[in-house]
Amino acid sequence: MVGVTGGIAAYKVVHLVRLLVKDGHDVHVVPTEDALRFVGLPTWEAISRHPVTTSVHDDVARVRHVSLGQSADLVIVAPATANTLAKMTAGLADDLLGTTLLATTAPVVVAPAMHTEMWRHLATQHNIATLQERGVVVVGPDDGELTGGDSGPGRMSEPEAILDVALAEVGGELRRDLDGLTVVVSAGGTREPIDPVRFIGNRSSGRQGVAVALAAAQRGADVVLVAAHVEEGVLAEASSHASVRVVRAGTAAELGTAVSAAAETADVVVMAAAVADYRVDEVSPLKRAKETATGGRITLELIENDDILAGLVSARRPGQTIVGFAAETPGEGETLLERGRRKAARKGTDLLAVNEVGWAKGFESTENAVVLLDGSGTVVGETQGSKRVVADALWDAVLAIRSAE
Ligand code: CTP
C-alpha cells in the first residue's frame with residue numbers, strides 16, 4: 001500500500017507506484033485530500049489499477065478503513081509531509097491513511113519531503129526519532145533542490161531508492177543468510193584538514209557503503225558502519241537499523257583506527273570508503289590567510305596516509321574475508337578490468353569491487369555498476385543497478401568465497 005500526502009513530490013510517487021506495479025505487486029494507493037491537490041484521483045486509479053478513496057466513509061461495507069491496513073504486506077508513505085509525520089507520531093486517524101496506518105502490522109517505510117527548516121525543526125526530528133523507535137523505516141530525505149529555488153536536505157529520495165529500501169524491508173525478513181556474522185563496513189569520503197575551516201575531500205556520497213551496511217544488517221549480520229563524510233540523509237538509511245552501530249571518522253587516520261579496532265572481531269571487512277591517499281603535512285592551527293607575496297601560488301606539502309586495506313590484509317585472521325573497492329578511471333592502453341586485476345593483486349583482497357568513475361559517472365548517483373574480482377583476479381560477478389542491488393551482489397560473492405574456503 002502506498003500512502004501519498006500533500007507535497008509537490010507526489011508527482012514522483014506516480015513513478016514509484018508504476019515501478020511497484022511493474023515489479024508485480026498489487027498496489028493500493030491511499031492519498032490524503034491534500035495529496036489530491038497535487039496529483040488527481042484518476043491518475044492514482046489508472047496507475048495502481050484499483051479504486052482510490054481518501055475518506056473512511058467510502059466503501060464502508062468492506063470496512064475499508066482497517067481492511068487496507070490489515071491486508072498490506074508493506075506500507076510506503078511518500079512523500080511524507082511534516083504534518084503527516086506528526087500525525088503518525090500522535091496516532092491520529094482522521095482520514096483513510098491515518099486509520100490504515102493504525103490498523104497495519106506490516107513494515108512501514110516513510111520518505112519525508114519538506115523544506116529544510118521544517119525537516120530540521122526539533123518537532124519533526126523528535127517525531128522521526130519516535131517513529132524510528134517504533135520500527136518505521138525512514139528513507140532520505142536527500143540533499144538537493146527544493147521547490148521555490150531553495151536547496152538543502154528535505155528533497156524526497158528518488159523513487160528507485162525508496163523502492164529498494166521498501167522491498168528490502170519485506171525481502172530482508174526472508175533472506176537471513178548473513179545470520180551470525182559480524183561485519184565492518186567503511187563508507188563515505190575522508191576529509192583531510194588544511195586549517196580549522198578547510199579540508200581536502202572527495203566526491204564520495206557514502207551511498208554505496210551505506211547500502212552495503214544496510215543490506216548486511218537486513219540479511220542478518222551485526223554491522224559496524226565506520227562513516228567518514230556521508231551525504232546528509234544517507235546515513236540514516238542504515239543507522240536506523242537495530243543491527244547497525246555507527247562509528248564516525250573524519251580523517252583517513254581516524255577511519256583507519258576505527259576500522260582496525262572493529263576488524264579484530266569481524267568476520268568480514270568491506271572498505272567502501274573513499275580514503276584520502278595523502279594528508280596535509282602541517283595543518284595550520286589558525287585559518288590560513290591569503291598569501292600576498294607568493295605570486296598567486298601556494299604550495300601545500302602532502303604526506304602519504306597508511307593504506308588501511310593493506311593493513312587489514314596483512315592482519316587478516318584465518319576465516320576472515322577482506323573486501324575492497326576500486327574506483328577507476330580507465331587509463332590509456334589499459335582496460336578497467338586490467339587495472340582492477342592489478343589492484344586486486346597488489347592489495348591482496350579476497351574480493352575487489354571495481355567500478356568505473358569519471359566526471360559524470362559513479363558519484364552522487366543511486367545507480368552503480370561493478371565487476372567483482374576474487375583473490376586471483378577472476379571475475380566472480382558483474383552487476384549493474386541500484387546501489388542496493390550492487391550491495392546484495394557483493395554479499396552473494398562474499399558468501400560464495402567463504403563457503404569455498
Ligand atoms: N584504501 C585504504 N586506505 C587508503 C587508500 C585506499 O584502505 N589509504 C582502500 C579503499 O577504501 C578501497 C581500496 O583501498 O577499498 C582502493 O582504493 P583506491 O583509492 O582505488 O586505491 P589506491 O590504493 O589509492 O590506489 P590508486 O590510488 O593507485 O588507484
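Reader: What is the strand order in the open sheet of five strands?

Author: This is a predicted model. In the open sheet, the pairing is parallel. The five strands have the order β2-β1-β3-β4-β5.

Reader: Which are the edge strands?

Author: An edge strand pairs on one side only. That holds for two strands, β2 (29-31) and β5 (137-138).

Reader: In β4, what is the bridge partner of A80?

Author: Strand β3 (residues 75-80) runs parallel to strand β4 (residues 108-112), and four bridges join them. In β4, A80 has as its bridge partner P112.

Reader: How many residues of strand β18 are buried?

Author: Buried means under 20% relative accessible area. Strand β18 covers residues 367-374 and is mostly covered. Of its eight residues, the buried ones number six.

Reader: In β18, what is the bridge partner of A353?

Author: Strand β17 (residues 351-356) also pairs with β18. The sense is antiparallel, over four bridges. The partner of A353 in β18 is L372.

Reader: Are α9 and α14 parallel, perpendicular or oblique to each other?

Author: Helix α9 (residues 207-218) packs on helix α14 (residues 387-404) at about 55 degrees, with axes 8 Å apart. Roughly parallel needs an angle under 35 degrees, and roughly perpendicular needs 65 to 115. The two helices α9 and α14 are therefore oblique.

Methods:
Residues numbered from 1 in each chain as written. Predicted model: local features only at pLDDT ≥ 70, side-chain atom pairs only at ≥ 80, totals over all residues. Heavy atoms only, no water. Axes fitted to C-alpha atoms, helices over the stretch in contact; angles between N-to-C directions. Parallel < 35°, antiparallel > 145°, perpendicular 65-115°, else oblique. Pairing = 2+ DSSP bridges. Buried < 20%, exposed > 50% of the residue type's maximum accessible area, 1.4 Å probe, protein only.
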